[in-house]
Amino acid sequence: IPSVYTATTGFEIAYFRWLSTVDDNPGVCQHVINSLKEEVNKDRENYSKCVLMIDEMSIKKATTWVKSEQKFVGYVDLGGVLGQDTEKVATSALVLMAVGLRKKWKMPVSFHFTAGLTAETLSVLIKQAITALSDIDVNVKAIVMDGLRTNIAAMGLLGCDIPNKQFKFTHEGREILCMLDQVHMVKVLRNVWGRLGEIHGAHGVARWSDIENLVKLQVNPMF
């Protein structure tokens, strides 16, 4: 909360009261689904098509006692999916975000606390999010993820075959495109190129030393 707001204005009190009414447990965010459904009913053209963005970020390992729920939180929690909630402390948060195709909007469909996901579990979570959106007439046209091995394997379980350029799968009668995050893939290429030093292709050899020399030339034109 910005420091300009103080409790004397009532903003903080109202804000935390509102937060206390929201179900913030991991899994499908039903309050978000309900809000999106209202938008679909008002403006179907701009809210009925989306891309599902999937990303995982590291979080600090910690547990916290929640007095209102009389329990500790901070453990692996998939929202009850597959019964894989454990007493292991979570190290990452997985977020599945719906992003509008025809209008600029984004809403978190579900989130999960994890400590290493299998491709099988990830594919189930993706299907769960797609179904939750489909139930309110929001059509997922594509899913986008980083090019991690687990993510590519999960795409394979959905029906895609990325190495063989099969980028589509069908879920509940609808065709969905699988896409790898282009920015992340450029970073992967950069890291692999820098580690190997050379990449051999049909049109010749790409040498990392040429990139290093180009940087030196930009810093020192007399190089």
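Predicted model: local features only at pLDDT ≥ 70, side-chain atom pairs only at ≥ 80, totals over all residues.

Overall make-up. I counted 7 helices and 11 strands in the protein. Of its 223 residues, 30% are buried. I looked up the contacts with a separation of 6 or more, and 63% of them join residues 24 or more positions apart. The protein exposes about 14,300 Å², with carbon and sulfur atoms supplying 55% of that area.

Core. I then looked for the largest nonpolar core and found 41 residues in it. Leu36, Leu52, Ile54, Ile126, Leu133 and Ile143 have the most contacts inside this core. Several helices and strands supply at least two residues each, among them helix H2 (30-42), strand S2 (49-58), strand S7 (139-145) and helix H5 (149-158). Which element gives the most to this core? It is H4, with 8 residues. In soluble globular proteins, nonpolar side chains tend to be buried together.

Surface patch. Ile211, Val215 and Val219 form a nonpolar patch on the surface, and together they have about 250 Å² of accessible area. I placed Ile211 in helix H7 (residues 208-219). Ile211 has 31% relative accessibility, so it counts as partly exposed.

Charged pairs. How many salt bridges does a search of the whole structure find? It finds 4.

Lys42 and Glu39 form a salt bridge, with the closest N and O atoms 3.5 Å apart. The two are 3 residues apart in helix H2, so about one helical turn separates them. Lys42 counts as exposed at 64% relative accessibility, whereas Glu39 is partly exposed at 23%.

Asp137 and Arg44 meet through their side chains in a salt bridge at 3.8 Å, N to O. This pair links distant parts of the chain, 93 residues apart: Asp137 lies in the loop between H4 and S7, and Arg44 in helix H3 (residues 44-47). Asp137 is partly exposed at 41% relative accessibility, and Arg44 is partly exposed at 42%.

Glu198 pairs with Arg207 in a salt bridge, the closest N and O atoms being 3.5 Å apart. Arg207 has 37% relative accessibility and is therefore partly exposed.

Key. Residues numbered from 1 in each chain as written. Heavy atoms only, no water. Helix = DSSP H or I, 4+ residues; strand = E, 2+ residues; numbered from the N terminus. Buried < 20%, exposed > 50% of the residue type's maximum accessible area, 1.4 Å probe, protein only. Contact = heavy atoms within 4.5 Å. Areas by Shrake-Rupley, 256 points an atom, 1.4 Å probe, with all protein chains shown as cover. Core = buried A, V, L, I, M, F, W, Y, C linked by side-chain atoms within 4.5 Å. Patch = residues over 30% accessible without salt bridge, like charges linked within 9 Å, V, L, I, M, F, W, Y side chains within 5 Å.
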